[in-house]
Amino acid sequence: MTTEMRPTADIIGRADVNDLEAILSVVNTDRDETLHAVRSEYDTNFTWDYAKGRRPKLDKLYEKAKIAQWNAQTDLPWETEVDQEKLVVANAVANGGFHEGIDVSGTALAKWSEQDWIDFGVQSQNWMLSQFMHGEQGALVCTAKIVESVPWIDAKYYAATQVMDEARHVEVFAKYLDDKLSGHYPINAHLRLLLDDIIADSRWDMTYLGMQIMVEGLALAAFGFLHQMTTEPLLKQLLRYVMSDEARHVAFGVLSLQEYYEQLSQAEIRERQEFAFEAAVRMRDRFMQQEVWAHMGVNPKEVVPVLMEVPERQVFQSMLFSKIVPNCKKLGLLDAADGWLRQRFTELGVIAFEDWADTGEEYADLQATGSGAVAS
Ligand SMILES: [Fe+2]
Ligand SMILES: [Fe+2]
C-alpha cells in the first residue's frame with residue numbers, strides 16, 4: 001500500500017520545521033480587533049438514542065465532572081497580594097537566575113541591565129497568562145461545538161460539563177490578569193491560526209483531536225511546568241484547580257477518539273496524522289514569545305535564535321509534548337502510514353515521550369488514589 005502524505009510545506013507553510021525566519025515572520029497584524037469571526041460548516045447531530053451509560057467510561061467522566069465543579073470567584077484566595085517585580089526576582093532566584101547559561105554577547109541583550117531583565121520577566125508573565133486565557137476561550141468554543149456535533153449522548157453530556165469548566169478557566173485567567181498582573185497581550189498569531197483551523201473543520205472528531213488532544217495536552221504540560229516553577233501561592237492554587245479539570249478533558253478526548261478511530265480507513269487516519277503534525281508545529285511556534293521581545297524594543301529575529309540554543313529552553317520546549325506524544329501513540333497515530341507521524345515527532349525532538357503514561361491511564365490512576373479532584 002502506498003502512503004501519500006502531503007509535503008511539510010503544504011501542511012505548515014514552510015519546508016523546514018525549524019525555519020526561525022519563517023516562524024517569526026508570522027505576526028498578529030490585527031492587534032486592535034475585538035471580534036474575530038471564523039466560518040464553519042458542519043452537521044449538528046441530534047441523537048434519539050438516549051441510553052445513558054452506553055459508553056461507560058464517558059459516563060463515569062460525566063458523573064465525576066458534576067461533583068468536581070468549583071467556583072472561580074469563591075474557591076481561590078484572591079486576597080493574595082501579588083508584587084509582579086518581586087515575583088519575577090523570586091522566581092529567578094528559585095529557578096537558577098535570570099539568564100544563566102545564555103550567551104547574549106553580540107546581541108542587544110548584552111547591554112541589558114538587571115531592571116531590563118525584570119521588565120522582561122513581567123512582560124513575559126503578562127504574555128504567558130494572556131495566551132493561556134485565549135487558549136481557554138478556544139477550548140470553550142470548541143467544546144460547545146462538540147456538544148452540537150458529536151453523535152453520542154454520553155459525549156454530549158460530558159462535553160456540556162466541559163463547556164462550564166472552560167468558561168470558569170477563561171474567567172480565572174482574565175481575573176488574574178486584571179487584578180494581579182499589568183497588561184493583556186493580543187492572541188499570538190500561531191495560536192490563532194491553530195484555533196481557526198480547529199474550529200473551521202467540519203469533521204466532529206477533528207475538534208477533539210485539535211483541542212482535547214493537542215491544545216489541552218500541551219496546556220496540561222505547560223500548566224504543570226508553571227505550577228512547579230512559580231513561587232506565587234494564588235497562581236499555584238489556580239493552576240492546580242485548572243489542571244485537575246484539564247486532565248479530565250484530555251482523558252475525554254482520548255476515550256472518544258479511541259473508539260472512533262477504530263472504524264476509520266487508512267486514508268482518513270492519514271489526514272488525522274497531518275492535522276496532529278500541523279497542530280504540534282503551530283503550538284511549538286507560539287512559545288517563542290516574539291511579541292514580548294518586540295514590546296521590549298528588541299528584534300525577535302536577533303535574539304530568538306540565540307535563546308533557542310539554550311539547553312533549558314530546549315528541555316522546556318520538548319516537555320510541552322510530554323502528554324501529546326503518548327496520547328497520539330495510544331490513538332494509533334504514531335505508527336500508521338509507515339510511521340509518518342513518528343518521523344515528524346522525531347524531527348521535532350519529542351519522540352522520547354512516546355512511552356510516558358497516556359492521559360487515559362494517568363487519569364484512572366489519579367482517580368484510584370483520590371487525588372484527581374480538588375473540590376472533593
Ligand atoms: Fe481549560
Ligand atoms: Fe480544558
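Me: What makes the arrangement around the iron ion (ligand 1) irregular?

Reply: The 4 donor atoms around the iron ion (ligand 1) subtend angles of 87 to 143 degrees. Four donors are tetrahedral if all angles lie between 85 and 135 degrees; four are square planar and six octahedral if opposite donors are over 155 degrees apart and all others between 65 and 115; anything else is irregular. The arrangement is therefore irregular, given angles of 87 to 143 degrees. This is a predicted model, in which local features need pLDDT of at least 70 and side-chain atom pairs count only at pLDDT 80 or more, while totals for chains, interfaces and linings use all residues. Residues are numbered from 1 along each chain as its sequence is written, chains are lettered from A and ligands numbered from 1 in the order in which they are written, and side-chain values use heavy atoms, with hydrogens and water left out.

Me: Which residues are called donors of the iron ion (ligand 1)?

Reply: Glu136 (OE), Glu166 (OE), His169 (ND1) and Glu246 (OE) coordinate the iron ion (ligand 1) at 2.0 to 2.2 Å. Donors are N, O and S atoms within 2.8 Å of the metal (3.2 Å for Na, K and Ca); water is not among the atoms, so sites may look incomplete. Along the sequence, these donor residues follow the spacing E-x29-E-x2-H-x76-E.

Me: What are the donors and the angles at the iron ion (ligand 2)?

Reply: The protein donors of the iron ion (ligand 2) are Glu166 (OE), Glu216 (OE), Glu246 (OE) and His249 (ND1), at 1.8 to 2.1 Å. The angles among the 4 donor atoms run from 88 to 168 degrees, and the site is irregular.

Me: Which residue bridges the two iron ions?

Reply: Glu166 bridges the iron ion (ligand 1) and the iron ion (ligand 2), which lie 3.0 Å apart.

Me: Why is Glu166 called buried?

Reply: Buried means under 20% relative accessible area, exposed over 50%, and partly exposed in between (1.4 Å probe, protein chains only). Glu166 has 0% relative accessibility and therefore counts as buried. Glu246, at 1%, also counts as buried, and so does His249, at 0%.

**Helices and salt bridges**

Me: Where do Glu246 and His249 lie?

Reply: Both lie in helix H9 (residues 233–261), 3 residues apart, about one turn of the helix. Helices (H or I, at least four residues) and strands (E, at least two) are DSSP runs, numbered from the N terminus.

Me: How do you know that H7 is largely enclosed by the rest of the structure?

Reply: Of the 12 residues of H7, 9 are buried, so the helix is largely enclosed. Among them are Leu191, Leu194 and Ile198.

Me: What makes Arg168 and Asp245 a salt bridge?

Reply: A salt bridge is a side-chain nitrogen of Lys or Arg within 4 Å of a carboxyl oxygen of Asp or Glu. The side chains of Arg168 and Asp245 meet at 3.1 Å, N to O, in a salt bridge. Arg168 lies in helix H6 and Asp245 in helix H9, so the pair ties together parts 77 residues apart in sequence. Arg168 also forms a salt bridge with Asp165, at 2.7 Å, N to O.

Me: Is Trp48 buried or exposed?

Reply: Trp48 has a relative accessible area of 66% and is therefore exposed. Its place is in the loop between helix H2 (20–25) and helix H3 (56–67).
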